[in-house]
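Q: Could you walk me through this one, feature by feature? I'd like to know how to read each feature.

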Amino acid sequence: MADPTNHNQAGEVAPSTVDKQAPSVAEEHAPSTDSPEATDLPTANAPDPKAANPETAKPTATPPKREKPAAKAAVGEKPAAAATEEKPAAAAKAAKKEKAPSVEDKPFVEFIEQDYLPALQKAIAQQGVQDLQVSFAKQKVPITGFESAEECWQIIGSWKEKGQRQFNLYFPEEDIQGKKGFSCNEGKKPSTLESFLIDERKITLDLLVFGLVQRLDGQKWLGIN
């Protein structure tokens with residue numbers, strides 16, 4: 001029977017097949033000593049390649065998009081926002097132009113003849129006066145002491161009720177917003193000129209009618225007086 005241990009020569013033991021293959025297998029998987037090979041694992045002595053390279057270490061977030069500058073308006077052309085703001089203003093201006101002027105804005109004589117006298121006659125008639133006679137004239141003030149004064153526009157109203165009743169409404173400035181005066185008498189020449197609606201900031205047709213009716217009522221010339 002042969003000895004399982006092969007002896008090539010006396011006193012030498014022949015390597016086994018495993019021993020013969022071990023060096024060659026180790027050499028195949030062992031790293032080459034000629035050039036170093038980088039690995040993904042950082043070592044204690046070498047820094048992380050990603051951390052060492054600042055360009056690589058930066059986050060890869062998507063940079064914000066830059067907004068494109070608004071297109072420049074053509075020469076002489078207004079920006080869209082300004083044009084939009086001008087439209088309501090233009091519309092309001094046009095509406096203001098289309099608005100009809102108030103009766104108080106009419107010329108003085110035209111306002112008195114066309115608007116005030118008819119409204120006044122109607123208001124006094126509603127108080128029970130049926131024979132009212134109203135005129136509008138430019139003449140001297142029929143009051144003692146005003147003989148040298150200039151002529152001024154007056155509304156003269158009269159009717160017969162327990163005698164002849166007459167009132168005068170004076171407009172020395174030919175303006176319903178200006179100074180106004182009032183006088184009244186019963187068959188005699190008036191002796192007093194009093195101010196009329198002096199505390200009102202703005203005179204309107206309705207206020208001018210109401211003020212005179214109220215003054216005549218205070219004189220106890222209207223209604224059941």
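A: Let's start with the largest pocket: it is lined by 14 residues, with Val141, Phe146, Tyr170, Pro172 and Leu193 nearest its centre. A pocket is an open set of points on a 1 Å grid over the protein atoms alone, where a 1.4 Å probe fits, with protein on both sides within 12 Å along at least five of seven lines; lining residues have an atom within 4 Å of a point. Bear in mind that this is a predicted model: local features need pLDDT of at least 70, side-chain atom pairs 80 or more, while totals for chains, interfaces and linings use all residues. Residues are numbered from 1 along each chain, and side-chain values use heavy atoms, without hydrogens or water.

Q: What kinds of residues make up the lining of the largest pocket?

A: The lining divides into 8 nonpolar, 2 polar and 4 charged residues. Here Ala, Val, Leu, Ile, Met, Phe, Trp, Tyr, Cys and Pro count as nonpolar, Asp, Glu, Lys and Arg as charged, and the others, Gly among them, as polar.

Q: Is Gln154 buried or exposed?

A: Buried means under 20% relative accessible area, exposed over 50%, partly exposed in between (1.4 Å probe, protein chains only). Gln154 counts as buried because its relative accessible area is 0%. You'll find Gln154 in strand β2, residues 152-160 (strands are DSSP runs of E, at least two residues, numbered from the N terminus).

Q: What lies 2.9 Å from a polar atom of the Gln154 side chain?

A: That's the backbone oxygen of Gln139.

Methods:
Helix = DSSP H or I, 4+ residues; strand = E, 2+ residues; numbered from the N terminus. Polar contact = N/O pair within 3.5 Å; in protein donor to acceptor, adjacent residues only side chain to side chain.
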